[in-house]
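Dear colleague,

Please find below the sequence and structure that I am handing over to you. My notes on what was found follow directly after them.

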Amino acid sequence: MVHATVYVGFTVPQLLRGAQSRIFPSHSPLGVLRHSAFCYCTGNGTIKSKRKMDHLERTANNFRQEVITQAKVCGITNESETVKRLRLAIANKDFTFKAGQWVDFFIPGVSVVGGFSICSSPGLLEREGILELAVKHTVHPPAHWVHTECTLDSEVALRVGGDFFFDPQPGDSPVNLVLIAGGVGINPLFSILLHIADLHGYQEGKGNRHELGTVKLYYSAKNTSELLFKKNILGLMKAFPGKITCCFHVTQQRSQICEELQPHITEGRISEKDLEKHVSNDTSWYICGPPPMIESISKLLTNIGVPRNRIFFEKWW
């Protein structure tokens, strides 16, 4: 399921040509950059990071599609106090992605290329030509632009990349998934969750040719206001009882938890006790969140007997 091909050749579309020399300076071509944002667990369960690098450096060894497409912002909503959710209308009919992947995010006039995980399903792109991103506010130029300058009808360009995805094929043996998210790391895992819902026939008239296992999502944030997509996730649990389940963890909750969320909330971090009950030969584990969380969860999983080739994670600096 993990694609490891790397493409380093590309063509920047018309709207970016003016900024091309600043986005990809000649002294630092993509082909000589060395680092991957997707990792397997190392032999001793640790994950080492070097100096802080930009998105293109971090992901230089990752798979990238050759297709770059223009896109237009057709919706902006506040997913939380610090996260904006963008709906993007995709111009190129050949543009595709797998659930869990990210996009290179090119902004005219901004020399830094953003890297944002897709939070929508491949099915939404297929049905409506729409892709969604949820971007947390930071001082990083692309994220800052999203929160301060992006408007409806703003034009950007996108290129899909990443080796972190779930893409079951008809006839594959069913796999149980445990998805473990921290903070805004929910984005690629929410895309996977929505894709699984599509494969279960969430949309009327959608045929189901896949054999699917169960999905358990563990999602940790400081408080319930920072749990992104929580209403959508609750809706998926109701639509697919026993097939999709979720436990929300909050570590610094100060206010009262709403009645709808209460049955699904655990105060405190995700623990070994939570995870050990899911260990089996047909379970795969996908983790995305802050590096210290990935470090500790990956080590925990190896300690409870999960094979390293069953642990997948995407680590953003």
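**A buried arginine and its partners**

Arg85 counts as buried, at 13% relative accessibility; buried means under 20% relative accessible area, exposed over 50%, and partly exposed in between (1.4 Å probe, protein chains only). Please note that this is a predicted model, in which local features need pLDDT of at least 70 and side-chain atom pairs count only at pLDDT 80 or more, while totals for chains, interfaces and linings use all residues. Residues are numbered from 1 along each chain as its sequence is written, and side-chain values use heavy atoms, with hydrogens and water left out.

Which residues meet Arg85 in a salt bridge? One partner is Glu79, at 3.2 Å from N to O. Another is Glu132, at 2.8 Å from N to O. A salt bridge here is a side-chain nitrogen of Lys or Arg within 4 Å of a carboxyl oxygen of Asp or Glu. Side chains of opposite charge can pair when their charged atoms come close.

Helices (H or I, at least four residues) and strands (E, at least two) are DSSP runs, numbered from the N terminus. Glu132 is buried, as is Arg85.

Glu128 sits in helix H3 (residues 122–128), 41 residues from Arg87. Arg87 is partly exposed, with a relative accessible area of 29%. Through salt bridges that share partners, Glu79, Arg85, Arg87, Glu128 and Glu132 are joined into one network. The structure holds eight salt bridges.

**A buried valine**

Val160 belongs to strand E7 (residues 155–161). Is Val160 buried or exposed? With a relative accessible area of 0%, Val160 is buried. Leaving aside neighbours within four places in sequence, Val160 is in contact (heavy atoms within 4.5 Å) with residues including Phe95, Phe97 and Trp102. The C-alpha atoms of Val160 and Val67 are separated by 7.8 Å, although the two residues are 93 apart along the chain.

**Cavities**

How many cavities of 30 Å³ or more were counted? There are two. A cavity is a set of points, on a 1 Å grid over the protein atoms alone, where a 1.4 Å probe fits but cannot get out; lining residues have an atom within 4 Å of a point. Grid points are joined across faces, edges and corners, and a volume is the space filled by probe spheres set on the points.

The largest cavity holds about 60 Å³ of space. Of its 12 lining residues, Pro168, Ser173, Pro174, Val175 and Glu211 are the closest to its centre. The second largest cavity has a volume of about 30 Å³, and its lining includes Phe166, Val175 and Leu177.

**The chain as a whole**

The chain has eight helices and 13 strands, and buried residues make up 52% of its 317 residues. The average pLDDT (the predictor's confidence in each residue, from 0 to 100) is 85, and 81% of the residues score at least 70. Over residues 1–51, however, the pLDDT is below 50.

With kind regards

Conventions. 1 Å grid on protein atoms, 1.4 Å probe; cavity = no way out; pocket = protein on both sides within 12 Å on 5 of 7 lines; lining within 4 Å.
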